[in-house]
Amino acid sequence: MKSFFKYLFATICGLFVFTFIAGIVFFAVIAGMASSEKTAPVVKDNSVFVLKMNGIVQERAEEETPIDILLNTNEMSVMGLNDIIDAIKKAKNHPDIKGIYLEGGITSYDAPATAQQIRDALKDFRKSGKWVIAYADNYSQQGYYVASVADSVFLNTTGMIELKGIGGKREFMTGLYEKLGVRYQAVRVGKYKSAVETVTRKDMSPENREQTEAYQQGIWNHMLKDMASSRKKLTAEQIDQLVSDSIMAFAAPDDYLKSGLVDGLFYPEGIVNIIKQKLGTDDEVNQLLLGDMTAMPTEDGDKGSEVAIYYAYGEIIDQTTNLFATEHNIIGQETVEDLNKLAKDDNVKAVVLRVNSPGGSAVASEQIWHALNQLKEKKPLVVSMGGLAASGGYMISAGANYIFAEPTTITGSIGIFGLVPNFTGLVTDKLGITFDGTKTNRYTDYEENLIFSNDNASEIGFMQSYVDRGYQSFLNIVAQGRKMSSEQVHEIAQGRVWLASDALPIKLVDKLGSLDDAVKKAAELAKVSDYHTKNYPEPDNWFDRLMDQTEKKGTYLDEELHAVLGDLYQPFVNARRDQQRNRLQARLPFLLNF
């Protein structure tokens, strides 16, 4: 018996030691994998930067953990817009990189301005005298828009181009809620603040139709102009006519060639021969991918003064939520703390706030605005608007010394709304559940009355006053920042969404320009000529992200729901999030889907 326990104890100790050593080896291996990802590549002469546009493009991409790399958990990669733009600049300046091969794929852009910024960077790249060649099996509309800037655009022999214009339908859920006995009670300020319409109407209001048609046509006109400027054989009017006359996705590939939308049709191996001809070689092509380019050091390094670029993208929320938290958010308190640190950092001479947000919590937005105002008292603050800078996204931008926006940025939407569901028709009329109770004061049970009583006009009145005060505060913030009167702001506000090119003459933005333009302006205001940039907030290291990955990323349940619900997934997630959002919302009046 003693021998049995001796061997048992020895076995347990052995397993423990083995597990401990294996753990050390495992983490050493994945640490090595992580560090190897950051090793700068060796760039050979006659190299080509291969930019594969296949995945989701957002403002910044979080670095994959070694576990992600090992298990290949992401079916669609997330590409950072900042990484793509930076990589194109590096390729432009590197003498051994001769051109860019742009390979089209299934790419998702959060807004037209995101695609436009990549296109503009490629256009600037061509000014160096280097070439850009594009090829794809199929081009989405935004994908073709980006690719059209290339010297030559090629398509698979059996491929298609999905040019169709901008527009579409959105769901109005009011009819369904009527059948269920649910009624949404909306309070808002601004006739264009139409966020509530999807649950209070069965169609678009005239005001919502007016603003939507205006910005959609503005974006489409901009795209047509850009595509025509690159595709010399076609005018903007001719491209528009092609799209109006037929469903371009169903056209024969030869028709794309005849119309001048593409320069050639061939199978994938054909593009290799084209690139070799451009390089003047029969040898294997030296390729650099996006990861290689991001690993290359920047030219300015840490020389001179620091201009901080703070990325604020996603919905503005009061605090983080774990359920279905798959997108990046602007978390109020965390952002305020970050901005306070930048304000106190004497090494930071100016700050560029990069905004790409549809807004969100009015309370969190105002707290961030206040922190930015305090920062501006110590150093210059310049805003660079990305795809969206609307409602709360505009509120946090309004106080800057100077505001830049891309021509197709969606901005404005200066308005406030509140939305409360009423379940009386379902719970009482259909299910027979009634309510009774006692209270010490008249409005002790105001929340129950809002949700489970039709006799709540007084409560709705208080809520409307609450929203009115929020709107007036919003007007004052914009008026103070843009040096206008509240009355002047009200004339162009009322929840209206503006295209940045239309927002320029009404003083909501100061100039149309890129993030680079904003950085130059910030340096100018700070009176520094020798400077470098640094991005904030600094990304978590891979180990920290690995430890809390289940909290910050979508779960298996989330992925399964996405697969099962398809197009209905986003409305489901939004309904879930509505239960967690602050009552007072400064958010875009609808979900933009381009």
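This report describes the secondary structure, cores, salt bridges and one surface patch of a predicted protein model.

Residues are numbered from 1 along each chain as its sequence is written, and side-chain values use heavy atoms, with hydrogens and water left out. Local features need pLDDT of at least 70 and side-chain atom pairs count only at pLDDT 80 or more, while totals for chains, interfaces and linings use all residues.

**Overall make-up**

The protein chain has 25 helices and 21 strands; these are DSSP runs numbered from the N terminus, with helices (H or I) of at least four residues and strands (E) of at least two. Of its 594 residues, 47% are buried. Buried means under 20% relative accessible area, exposed over 50%, and partly exposed in between (1.4 Å probe, protein chains only). The accessible surface comes to about 29,800 Å², with 53% of it belonging to carbon and sulfur atoms; areas come from the Shrake-Rupley method with a 1.4 Å probe, and for residues only the protein chains shown count as cover. Among contacts (heavy atoms within 4.5 Å) between residues at least 6 apart in sequence, 76% join residues at least 24 apart.

**Nonpolar cores**

A nonpolar core is a set of buried Ala, Val, Leu, Ile, Met, Phe, Trp, Tyr and Cys residues joined through side-chain atoms within 4.5 Å. The largest one has 59 residues, and Phe49 and Ile118 have the most contacts inside it. Helix 8 (residues 206–230) gives the largest share of this core, seven residues. A second, separate core has 55 residues, including Ile330, Leu353, Ala405 and Val478.

Beyond its neighbours within four places in sequence, Phe49 is in contact with a set of residues including Ala87, Ile88, Ala91, Leu288, Leu289, Leu290 and Met293.

Ile118 is one of the buried residues of helix 4. In this helix (residues 112–126), 15 residues at 1.5 Å a residue should span 21 Å, and the end C-alpha atoms are 21 Å apart, which agrees; the expected span is 1.5 Å times one less than the number of residues. Helix 4 is mostly covered, with 11 of its 15 residues buried. Among them are Gln116, Gln117 and Arg119, as well as Leu122 and Phe125.

**Salt bridges**

A salt bridge is a side-chain nitrogen of Lys or Arg within 4 Å of a carboxyl oxygen of Asp or Glu. The count by this rule is 15.

| Pair | Closest N and O atoms |
|---|---|
| Asp203 and Arg201 | 2.8 Å |
| Glu210 and Arg496 | 3.1 Å |
| Arg482 and Asp510 | 2.7 Å |

Glu210 lies in helix 8 and Arg496 in the loop between helix 19 (486–492) and strand 18 (497–499), so this pair ties together parts that are 286 residues apart in sequence. Glu210 is partly exposed at 36% relative accessible area, whereas Arg496 is buried at 13%.

Arg482 in helix 18 (residues 457–482) and Asp510 in the loop between helix 20 (500–503) and strand 19 (511–512) are 28 residues apart. Arg482 is buried, with a relative accessible area of 10%, and Asp510 is partly exposed, at 28%. In the remaining listed pair, Asp203 is partly exposed at 39% and Arg201 is partly exposed at 30%.

**Surface patch**

Leu431, Ile433 and Phe435 form a nonpolar patch on the surface, with about 310 Å² of accessible area together. Patches are made of residues with over 30% relative accessible area and no salt bridge; like charges are joined within 9 Å, and nonpolar side chains (Val, Leu, Ile, Met, Phe, Trp, Tyr) within 5 Å. Leu431 sits in the loop between helix 16 (424–430) and helix 17 (446–452), and counts as exposed at 56% relative accessibility.
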